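Subject: Structure handover and notes

Dear colleague,

I am passing on the structure below, together with some notes on what was found in it. Please read them alongside the coordinates and the sequence.

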Amino acid sequence: MWRGGAIASSAARALRSRMLGDPVHHPSTAILPIPSARAASSAPSAASPAPIVAEAAAASVAVSSGARSASDVLRHYGACYWELSKARLSALVVATSGAGYVLGSGSIVDIAELCYTCTGTMMVAASANTLNQVFEIKNDAKMKRTMRRPLPSGRISPVHATMWATTVGAAGTALLACKANDLAAGLAASNLILYAFVYTPLKQIHPVNTWVGAVVGAIPPLLGWAAAASEVSLNSMILPAALYFWQLPHFMALAYLCRDDYLAGGYRMLSFADPTGKRTAWVSLRNCLYMLPLGLFAYNWGLTSEWFSFEASLLTTGLAIGALSFVLAPSHKSARRMFHGSLLYLPALMAGLILHRLPNEQKEHNHIHQTSEIAGVLRGTELWDEEEGGRQKREDAKHSRRAQSRPPVAYASVAPFPFSPVPVYVSPQAHEF
């Protein structure tokens, strides 16, 4: 019986240890002591900041992730717009337009209008380049140097690109119309149409596309001149002519270097029917020679000083020597040398034009004529005011003389008494009364 009681007591102790837990061997199952009322009242205040901190951390994580996603979207589309606009090519177009504006200005260049003109030109050029890529998605996908563009790679949809081109092109044309003049806006719009809807499809039809593209490249400096002078004159054609003739050796060298790539893309270039490269080289040399007298014309037409004619002749001679080496030995090496020479030629020529430019006499004449017209209008207004003032003075003097010439009227003449007091002059109003 004692043994059974001992067994029962040991079993009770084991059960109690399982229920209460062993704080030594089973600390996780041990029952904690009941806290006091004071401790229990202070426990919520110590544990309540934990959920608040967790919620704040979660909110900050959500905000940071949202900001990161928004910045990623902006960066993505910004990069796509940059590539669609061909920003470096558009910057060259803007540079030629700005040079044309400076050449067409008088002795003082309107910096604000120059900035507006360059901004509008940049927007229209970006629109034209984007539409060019929209129309050539399949062709660009076949060429190594263009297959990673936004449209062939699928980074942006054609509809999105078209909307971007339409918006920026319309905004640029409107900016030129509002801040420059209608002539500059018309030239910008016509150049956009010529590039996107004539030159772009013609690249897949006939090699004459290179000459049409040269016309497109020659219009921006004319646009800048028109924005400054509000007209197009003979000496405004110097820089556009230089750009037209310069583009032909530049693109002939590029077409020769990228002949296989252009052939894979389905573009028709002169170099395809010229396996030896002689014909391409001769076209380059001929157009370099056409540029030789432009410096002399710029001096004779009053656009620049005589120093520019000398500098332009040296620059063009250097480019012609590169084209001659291409003619004598057509190869990738000679074509690349001429291509790099053309890249140096254009900024040097424009810098010389701006450095040695003379103020546009027609612009100065128009400004003086407009100023004289305004001064004449103001002078005429002043004379009219003086004449009106003199007429008013004469009328006032006539009225005063008429009032003084009337005979004095005494009160005796109006009173029924036969005596004559001292005469008092009566005003005409009182007499009439």
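Helices here are DSSP runs of H or I with at least four residues, numbered from the N terminus. With that convention, Asn 129 belongs to helix α5, which covers residues 111–135. Please keep in mind throughout that this is a predicted model.

The side chain of Asn 129 is joined to that of Tyr 195 by a polar contact of 3.5 Å. When neighbours within four places in sequence are set aside, the residues in contact with Asn 129 are Leu 84, Ser 85, Lys 86, Leu 89, Ser 90 and Tyr 195.

Lys 86 sits in the loop between α3 (49–84) and α4. A positive phi, of about 60 degrees, is also found at Ser 230, again a residue that is not a glycine, and Ser 230 is placed in the loop that runs between α10 (209–229) and α11 (238–257).

Helix α4 itself takes in residues 87–104, and its 18 residues reach 25 Å from the first C-alpha to the last, which is close to the 26 Å expected at 1.5 Å a residue. The buried residues of α4 include Ala 87, Ser 90 and Val 94, and among them are also Gly 98, Tyr 101 and Gly 104. Leu 92 is likewise located in helix α4, but it counts as partly exposed because its relative accessibility is 34%. Between Leu 92 and Pro 347 there are 9.3 Å in space, C-alpha to C-alpha, although the two are 255 residues apart in sequence.

Finally, on the surface there is a nonpolar patch formed by Leu 234, Leu 296, Phe 297, Tyr 299 and Trp 301, which together have about 470 Å² of accessible area. Of these residues, Trp 301 is located in the loop between α14 (294–300) and α15 (306–328), and it counts as partly exposed because its relative accessibility is 33%.

Methods:
Residues numbered from 1 in each chain as written. Predicted model: local features only at pLDDT ≥ 70, side-chain atom pairs only at ≥ 80, totals over all residues. Heavy atoms only, no water. Patch = residues over 30% accessible without salt bridge, like charges linked within 9 Å, V, L, I, M, F, W, Y side chains within 5 Å. Areas by Shrake-Rupley, 256 points an atom, 1.4 Å probe, with all protein chains shown as cover. Salt bridge = Lys/Arg side-chain N within 4 Å of Asp/Glu carboxyl O. Helix = DSSP H or I, 4+ residues; strand = E, 2+ residues; numbered from the N terminus. Buried < 20%, exposed > 50% of the residue type's maximum accessible area, 1.4 Å probe, protein only. Polar contact = N/O pair within 3.5 Å; in protein donor to acceptor, adjacent residues only side chain to side chain. Contact = heavy atoms within 4.5 Å. Expected span 1.5 Å × (residues − 1).
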